[in-house]
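Dear colleague,

I am passing on the structure that we spoke about, and it is placed just below. Please have it open while you read the notes that come after it.

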Amino acid sequence: MLADTSIPISGRLGPLVGAVDQGTSSTRFLVFSATTGEVLTYHQVEVAQHYPKEGWVEQDCNELLKSVHTCILKAVENLKSLEIDPGDIKAVGITNQRETTVVWDRTTGLPLCNAIVWLDARTASTAEAILKETPGQNKDYLKDLCGLPISTYFSAVKLRWLLDNLPEVQEAAAQGNLLFGTVDSWLLWNLTGGLDGGLHVTDVTNASRTMLMNISTLQWDANLCKFFKIPMSILPEIRSSSEIYGYITKGPLLGIPISGVLGDQQAALVGQMCLSRGQAKNTYGTGCFLLYNTGTQIVQSEHGLLTTVGYKLGKKSPTIYALEGSVAIAGAAVTWLRDNLHVIKSSTDIEPLAKKVKDSGGVYFVPAFSGLFAPYWRSDARGTICGLTQASTSAHLARAVLEAVCFQTREILDAMQKDSGITLNKLQVDGGMTCNNTLMQLQADIAGVPVARPSMTETTSLGAAMAAGSAEGIEVWDLTKLTPLTNDDFTPSIMPEEREMRYEKWCMAVQRCMDWELPRDKQPGPDQEYRLLSSVPPSLFLLSSFFIIMVASHLHRS
């Protein structure tokens, strides 16, 4: 499916900056006026996700690259139809889904397998094996070096799985032909020439999500690479988030410099203009990601958050760090309602469905499809629905899905308050889900703080454009003269007692979803399974089966 929007304008626009926004569900290319910050035109292409096995999530690397070329071509055509000269585009920035892992052969330029997407959980056994070799089996053992816990989420564990399990990757590594990168590196290498001199680089924000970069030195760390048994020769060069990396070598933007790269959540931090210590934003997309600017200080969380690089806008500019709370499933839960349960036909249908009821009717949904991210980091958790009664309907479930996004954000906000000692007086938000007014009001109610949604919603792409346009040698975007974004505000409308009662119930539901997937060495054998099953009265089996069928039928009818 293709989506295409052009905003007709007239008059002199000044220099323009393009932004590639390669996300989990779609790719876009947007063109901004560096003078006003407004979007002039864009083109968008949906990209497919593949699920070859339970817990596996992949994407076709070539499809991602093709989607970028298509979006650039169509957006340039849009400019021409608006009588705007594409030659006014002075630079291009890239923002991308983070952690997603790509490996390719430097001699053929071809990917060796599909990209392993950030929320893929196939590496659970790899992470488990790594933990067993870690002193004290402490998942936070490496946090002082890289800021991250040992988890299926990050690129190093995915790369280790590829090296352990795919012969073609092993062969390329043995021959010295293997290249690794996150999506930004794959796009940069191809856009700057590929086999003909393509640049193998990444920026500090994407590198900080691999578990291989030292967050103090901003370089690949030999001890981390040794720990994960990753050859350093396959890694891209680490650069700042704002500098001229190279030039586009083909297509309608031939010769235009690529001068900005930021991971998508860090790009949103910049685009939301959270450029001062103590400012924070929350992005609602496939997952949900809350970043809190800690300035030049590296803050190690004691409450399950990640320490990450926020941005470094220039070779000589200071490195700005952030605390991050990462939630795996947000918009993906709405997609699950649509594609798996067929409760809704379109993602936008969830709001009118949820508004049919005044509350969730005591239903709580924990979307731990592949475990829980922050602040728990529990790969053994699985999705759970609690509180169903015979009166429960599809509308209650839809509202519980929206509330789950808000409760997970509340957990992150609480953890950030404990780590920083500062309580946010406003939550700045962005991302595709924020167009849902019901969700935004629920977030204000459940978090107990006002929610500010910018009227200009393209903050992730805006951040990439700002980084590219302000780079040394480009300098068409002045970051010292930023116009604050106008907002739609949502304020809390429930009493604190109700808020805390609902949050307490949510915490109970979270506890019930844990310890579901046991490690292999702790799983019961056949004899244990038989004893467990034989100890359950047959009447209970019949009653449970009847109840499940009854609820499924009722939800379908409603």
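The notes below go through salt bridges, a helix, cavities and cysteines in turn.

Please bear in mind that this is a predicted model, in which local features need pLDDT of at least 70 and side-chain atom pairs count only at pLDDT 80 or more, while totals for chains, interfaces and linings use all residues. Residues are numbered from 1 along each chain as its sequence is written, and side-chain values use heavy atoms, with hydrogens and water left out.

Salt bridges

Side chains of opposite charge can pair when their charged atoms come close. The structure holds 21 salt bridges, where a salt bridge is a side-chain nitrogen of Lys or Arg within 4 Å of a carboxyl oxygen of Asp or Glu. One of them joins Arg 98 to Glu 324, at 2.6 Å from N to O. This pair links distant parts of the chain, 226 residues apart, with Arg 98 in the loop between strand S6 (89–96) and strand S7 (101–105) and Glu 324 in strand S19 (residues 320–327); helices (H or I, at least four residues) and strands (E, at least two) are DSSP runs, numbered from the N terminus. Arg 98 and Glu 324 are both buried, a word that here means under 20% relative accessible area, with exposed meaning over 50% and partly exposed in between (1.4 Å probe, protein chains only). A network of salt bridges links Arg 98, Glu 99, Arg 209, Asp 264 and Glu 324.

Two other salt bridges lie within helices. In helix H4 (residues 155–165), Asp 164 and Arg 160 are 4 residues apart, about one turn of the helix, and their side chains meet at 2.7 Å, N to O. Asp 164 is partly exposed at 44% relative accessibility, whereas Arg 160 is buried at 13%. In helix H12, Asp 414 and Arg 410 are likewise 4 residues apart, and their salt bridge spans 3.0 Å, N to O. Here Asp 414 counts as partly exposed at 24% relative accessibility, and Arg 410 as buried at 7%.

Helix H9

Helix H9 (residues 264–271) is largely enclosed by the rest of the structure, because 8 of its 8 residues are buried. Among them are Asp 264, Gln 265 and Gln 266. Just after H9, Met 273 takes a positive phi of about 65 degrees.

Cavities

A search of the whole structure finds 2 cavities of 30 Å³ or more. A cavity is a set of points, on a 1 Å grid over the protein atoms alone, where a 1.4 Å probe fits but cannot get out, and lining residues have an atom within 4 Å of a point. Grid points are joined across faces, edges and corners, and a volume is the space filled by probe spheres set on the points. The largest cavity holds about 90 Å³ of space and is lined by 15 residues, of which Val 327, Leu 372, Phe 373, Ala 374 and Gln 408 lie nearest its centre. Helix H12 (394–420) and helix H15 (496–512) each supply at least two residues of this lining.

Cysteines

The structure holds 0 disulfides, a disulfide being a pair of cysteine sulfur atoms within 2.5 Å. The sulfur of Cys 288 is 8.4 Å from the closest cysteine sulfur, in Cys 406, and is therefore too far for a bond. For Cys 513 the closest cysteine sulfur, in Cys 386, is 8.3 Å away, also too far for a bond. Cys 288 is buried at 1% relative accessibility, and Cys 513 is buried with a relative accessible area of 1%.

With kind regards

Key:
On a 1 Å grid over the protein atoms alone, a cavity is a set of points where a 1.4 Å probe fits but cannot get out, and a pocket is an open set with protein on both sides within 12 Å along at least five of seven lines; lining residues have an atom within 4 Å of a point.
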